[in-house]
Amino acid sequence: MKDLDVILNEEIERLKEKGLYRTLRVMEYIRGPVARIDGKEFIIFSSNDYLGLAGHPEMIKSSVEATKRFGTGTGSSRLLSGTMELTRILENSLAEFKGCEETIVFSTGYMANLGVITSLAGRGDVVIIDKLNHASIIDGCKLSGARLRIYPHKDMGRLEALLASSMNFRRRLIITDGVFSMDGDIAPLEEITGLAEKYEAVVIVDDAHGTGVLGKTGRGVLEHLGMKSDGIIQMGTFSKALGSLGGYIAGHYPLIDLLRNKARAFIYTTAPTPSILAASIASIELIEREPEHRNQLWKNTETFRAGLKDLGFNTMESTTPIIPIFIGDEEKTMRLSNELYEEGIYAPGIRPPTVPHGMGRVRFSVTALHTEEHLQKAHEALKKVGRRIGII
Ligand code: PMP
């Protein structure tokens, strides 16, 4: 066998040839939407800290106090001695916030998806998913051993056909992102739940980008669509609008009880730290008490999107603070992202495997902390670079 380093370097070279090689950009600091990289300040459009809660004084205070009281680590998994009182306080307040009987907290959102999917689906079951679902959903499906069927993005006709031809499976699971993380559009959940009822399927919605952002009181995609949580399993994360870290599943009591007993992504990992739990508890309180962050987020989102449209950019079907500029070609996508970087604007180019080939885009996440000046600077840079590259 060839030396492993040689084989790995060949693989890396192939990625470079295809323009798919990635490197990590190290930030000296990131404060709200401003970061310092290589000694230069950038306006950041890549953070999911939509409400700016990650730097909120109350979040920091809760987190620091919990560390002082309880230490930095939990020392074991949830089922051993890792379930602190703080975890239960968080799970109870989340259940109330989400309007569900019970919730369970995981160390990350990625693990929450792995845990719930592998606990509900296995050999003999079918999982039917939107083509643009997040990677953690796809990985959960693959790990589950269930049959995987994929419908084109938001294609309800195709979803129905797949359900109709899946009646011989023991259990049918439909899983969809609530807000699609690379397109910024919203799933047609009313239609999906209607079909689920007709074909006796279970629905899981990934509300990672909806929680804290969508709905009058920030409760997420169901509130936004005026839907009840009954019968829908909700997954989400504390890592985005909630400014912390960790994932959760919210639903009926028997489901959560089963997950505590069966979800390997819950059982075989160390429990979240006190500082993270305390920050997550504080974030739910803040979302309820300080709606001004969400109001500002939506004001900024509409200003930024309208400006892009005026300039002639294609923002796809985005209706949320995730605003892609569609380019298509991967090289051009990276050129736009890199030239914006030269102008002090950090907006990542998104290319395969995150999106399909030919669907490259530069993705902007708007937050409540962007100022008018930040948004204007980004528009000006986009106008200059967009014209230079010939996109507008
Ligand atoms: N689902 C979606 C739609 C996401 O965008 C993400 C984060 N990128 C996750 C799940 C995973 O969440 P976490 O970052 O908390 O692991």
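**Group meeting: the cavity, the pocket and the ligand**

So, going by our grid rule, there is one cavity of 30 Å³ or more here. By cavity I mean a set of points, on a 1 Å grid over the protein atoms alone, where a 1.4 Å probe fits but cannot get out. Before I go on: this is a predicted model, so local features need pLDDT of at least 70 and side-chain atom pairs count only at pLDDT 80 or more, while totals for chains, interfaces and linings use all residues. Residues are numbered from 1 along each chain as its sequence is written, and side-chain values use heavy atoms, with hydrogens and water left out.

The largest cavity holds about 40 Å³ of space, a volume being the space filled by probe spheres set on the grid points, which are joined across faces, edges and corners. Its lining, meaning residues with an atom within 4 Å of a point, includes R78, F106, F266 and P272. Strand 4 (102-106) and helix 11 (264-267) are the elements giving two or more residues to that lining; these are DSSP runs, H or I of at least four residues for helices and E of at least two for strands, numbered from the N terminus.

Now the largest pocket, with about 950 Å³ of space. A pocket is an open set with protein on both sides within 12 Å along at least five of seven lines. It has 36 lining residues, and R22, P348, G349, I350 and T354 lie nearest its centre. Helix 5, strand 9, helix 14 (330-342) and strand 13 (349-350) each put in at least two.

And where is the ligand? The space it takes is this largest pocket, where sitting in a pocket needs more than half of the molecule's atoms within 2 Å of the grid points. There are 15 residues around the ligand, with G109, Y110, D206, H209 and K240 coming nearest; "around" here means a heavy atom within 4 Å. Helix 5 (109-120) gives the largest share of that shell, three residues.

On to polar contacts, pairs of N or O atoms within 3.5 Å. The side chain of D206 has an N or O atom 2.6 Å from a ligand nitrogen. For H209, a side-chain N or O atom is 2.7 Å from a ligand oxygen, and for S239 a polar side-chain atom is 3.0 Å from a ligand oxygen. On its own the ligand has 390 Å² of accessible area, and the protein covers 83% of that, by Shrake-Rupley with a 1.4 Å probe.

Technical notes. Polar contact = N/O pair within 3.5 Å; in protein donor to acceptor, adjacent residues only side chain to side chain.
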